[in-house]
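Here is a short briefing on one protein chain. Please keep the sequence and the model open while reading.

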Amino acid sequence: KGNNMDLDTLLDEISVHDPGMWENDEGPVGWWGVSNTEGIIAYFGNSSDAYRFSLAEINRRLNG
């Protein structure tokens with residue numbers, strides 16, 4: 001695999017943030033944010049979509 005990432009590393013790197021737990025003047029207020037080491041990469045109106053995206057991103061990077 002190209003990036004040699006392991007699951008523990010990716011679980012630490014990809015995070016879901018509850019509304020109000022992140023600071024970003026550009027993002028929507030009251031939404032969940034998903035971030036990596038570079039910052040927020042996606043916003044979602046509900047937690048299940050945010051967690052689904054974060055797991056899909058981890059899976060993509062593990063298998064990429």
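Of the 64 residues of the protein, 28% count as buried. The model is predicted. The protein holds two helices and three strands, and from the N terminus on the elements run α-β-β-β-α.

**Overall dimensions**
- Taken along the principal axes, the C-alpha atoms fill a box of roughly 35 × 20 × 15 Å.
- The accessible surface comes to about 4400 Å². Carbon and sulfur atoms hold 48% of that surface.
- Among contacts with a separation of 6 or more, 28% join residues 24 or more positions apart.

**The sheet**
- Three strands form an open sheet in the order β1-β2-β3, with antiparallel pairing.
- The edge strands are β1 (15-17) and β3 (39-44), and each pairs on one side only.
- Neighbouring strands of this sheet are turned by 30° against each other on average, direction ignored.
- β2 (residues 32-36) pairs with β3 over five bridges, in the antiparallel sense. A hairpin through two residues joins β2 to β3.
- Trp32 stands opposite Phe44 in β3.
- β1 and β2 are antiparallel too, paired over three bridges. Val16 has Val34 in β2 as its bridge partner.

**Strand β2**
- Why does β2 count as largely enclosed by the rest of the structure? Five of the five residues of β2 are buried, so the strand is largely enclosed.
- Trp32, Val34 and Asn36 point one way from β2. Gly33 and Ser35 point the other way. All of these residues are buried.

**Nonpolar core**
- Which residues make up the largest nonpolar core? Leu10, Ile14, Val16, Trp32, Val34, Ala42, Phe44, Ala50 and Ile58 do, nine residues in all.
- β2, β3 and α2 are the elements that give two or more residues to this core.
- In soluble globular proteins, nonpolar side chains tend to be buried together.
- Ile14 is one of the core residues. Leaving aside neighbours within four places in sequence, Ile14 is in contact with Val34, Ser35, Asn36, Ser54, Glu57, Ile58 and Arg61.

**Ser54 in α2**
- Ser54 lies in helix α2 (residues 47-63).
- Is Ser54 buried or exposed? Ser54 is buried, because its relative accessible area is 5% and buried means under 20%.
- The side chain of Ser54 reaches the backbone oxygen of Tyr51 at 2.9 Å.
- With neighbours within four places in sequence left aside, Ser54 is in contact with Ile14, Val16 and Val34.

**The segment after α2**
- Gly64 sits in the segment after α2.
- Gly64 counts as exposed, because its relative accessibility is 64% and exposed means over 50%.
- What is the C-alpha to C-alpha distance between Gly64 and Met5? Gly64 and Met5 are 9.9 Å apart in space, and 59 residues apart in sequence.

Key. Residues numbered from 1 in each chain as written. Predicted model: local features only at pLDDT ≥ 70, side-chain atom pairs only at ≥ 80, totals over all residues. Heavy atoms only, no water. Helix = DSSP H or I, 4+ residues; strand = E, 2+ residues; numbered from the N terminus. Buried < 20%, exposed > 50% of the residue type's maximum accessible area, 1.4 Å probe, protein only. Polar contact = N/O pair within 3.5 Å; in protein donor to acceptor, adjacent residues only side chain to side chain. Contact = heavy atoms within 4.5 Å. Pairing = 2+ DSSP bridges. Axes fitted to C-alpha atoms, helices over the stretch in contact; angles between N-to-C directions. Core = buried A, V, L, I, M, F, W, Y, C linked by side-chain atoms within 4.5 Å. Areas by Shrake-Rupley, 256 points an atom, 1.4 Å probe, with all protein chains shown as cover.
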